[in-house]
Amino acid sequence: MKVPIYKKVPARLEDVLGPKGRDEFLDFVNFNWNLGSKILLEESSNQFEKRLTEEVGKIKTELSEFKNSTDQTSTSLKGELANVKTELTIFRSEFDTFKTEVRSEFAAVRSEIKSEIAICKFELRTEMTEMKLELKTEMHSGFLGVYKEIAKIHQLISTQTKWILATGVSITVFMPILMKLLDKYI
């Protein structure tokens, strides 16, 4: 059994109600207070769960879209790398043909091509590293934005819950007194 919230009433009200009426009034107020608290908590919980489910759904959608975008970028890069590999394969076959035709000039051409390939590999690796860093930075900033939004939602829900509880307390406390006074004077 719960401990009663209100254990006594003002002396004037007790004079009006009498001892038995006072006890019944206190039981009535305490019962309504407990019932109102339960209803308020259930409603707050339901609204919180609904809002949380909606926001989590939005976040999942945003994360899914971000993942799809990242996958598309990765696929595009893989395609470009495949094209580069194909072009290198074609270049090597042409170079072998050229090598058989002009053997004496091969040493100079070979050293020139090796240096160009090294530069291309270096540039390609540098660009891939930069793209990887940019992608990580974008992901971190995206997650930071999501965390900020969750914090804002939490603050909003907290404020709403406080107002709901304050309203529930006010209604539960003052409504029975007001009704009793209205009944007395009307």
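Mentor: Helices (H or I, at least four residues) and strands (E, at least two) are DSSP runs, numbered from the N terminus. With that convention, the secondary structure of this protein comes to 2 helices and 0 strands. Please keep in mind that this is a predicted model, in which local features need pLDDT of at least 70 and side-chain atom pairs count only at pLDDT 80 or more, whereas totals for chains, interfaces and linings use all residues. Residues are numbered from 1 along each chain as its sequence is written, and side-chain values use heavy atoms, with hydrogens and water left out.

Trainee: How should I read the overall form, and what is the radius of gyration of the protein?

Mentor: The radius of gyration is taken over C-alpha atoms, and the globule rule to set beside it is 2.2 Å times the number of residues to the power 0.38. By that rule a compact globule of 186 residues would come near 16 Å, but this protein has 38 Å. The C-alpha atoms fill a box of roughly 125 × 30 × 20 Å along the principal axes.

Trainee: What share of the contacts links residues 24 or more positions apart?

Mentor: A contact means heavy atoms within 4.5 Å. Among contacts with a separation of 6 or more, residues 24 or more positions apart account for 68%. By contrast, Phe28, which is found in helix α1, has its C-alpha atom 49 Å from that of Gly145, 117 residues away along the chain.

Trainee: How is burial judged, and what percentage of the residues count as buried?

Mentor: Buried means under 20% relative accessible area, exposed means over 50%, and partly exposed lies in between (1.4 Å probe, protein chains only). Of the 186 residues, 13% count as buried.

Trainee: Which residues make up the largest nonpolar core?

Mentor: In soluble globular proteins, nonpolar side chains tend to be buried together. A nonpolar core is here a set of buried Ala, Val, Leu, Ile, Met, Phe, Trp, Tyr and Cys residues joined through side-chain atoms within 4.5 Å. The largest one has 6 residues, namely Val9, Leu13, Leu17, Phe25, Leu26 and Val29. Leaving out residues up to four places away in sequence, Leu17 touches Arg22, Phe25 and Lys180.

Trainee: Where on the surface do nonpolar side chains gather into a patch?

Mentor: Patches are made of residues with over 30% relative accessible area and no salt bridge, like charges being joined within 9 Å and nonpolar side chains (Val, Leu, Ile, Met, Phe, Trp, Tyr) within 5 Å. Ile171, Met175, Leu178, Met179, Leu182 and Ile186 form such a nonpolar patch, with about 610 Å² of accessible area together. Leu182 counts as partly exposed because its relative accessibility is 38%.

Trainee: And how many salt bridges does the structure hold?

Mentor: Side chains of opposite charge can pair when their charged atoms come close. The criterion is a side-chain nitrogen of Lys or Arg within 4 Å of a carboxyl oxygen of Asp or Glu, and the structure holds 5 such bridges. Arg51, Glu55 and Lys58 are linked in a network, in which the closest N and O atoms of Lys58 and Glu55 are 3.6 Å apart. Because Lys58 and Glu55 are 3 residues apart in helix α1, about one helical turn separates them. Glu55 is buried at 13% relative accessible area, whereas Lys58 is partly exposed at 48%. Asp71 and Lys67 meet at 3.0 Å, N to O, and Glu149 pairs with Lys152 at 3.8 Å.

Note on methods:
Accessible areas come from the Shrake-Rupley method with a 1.4 Å probe; for residues, only the protein chains shown count as cover.
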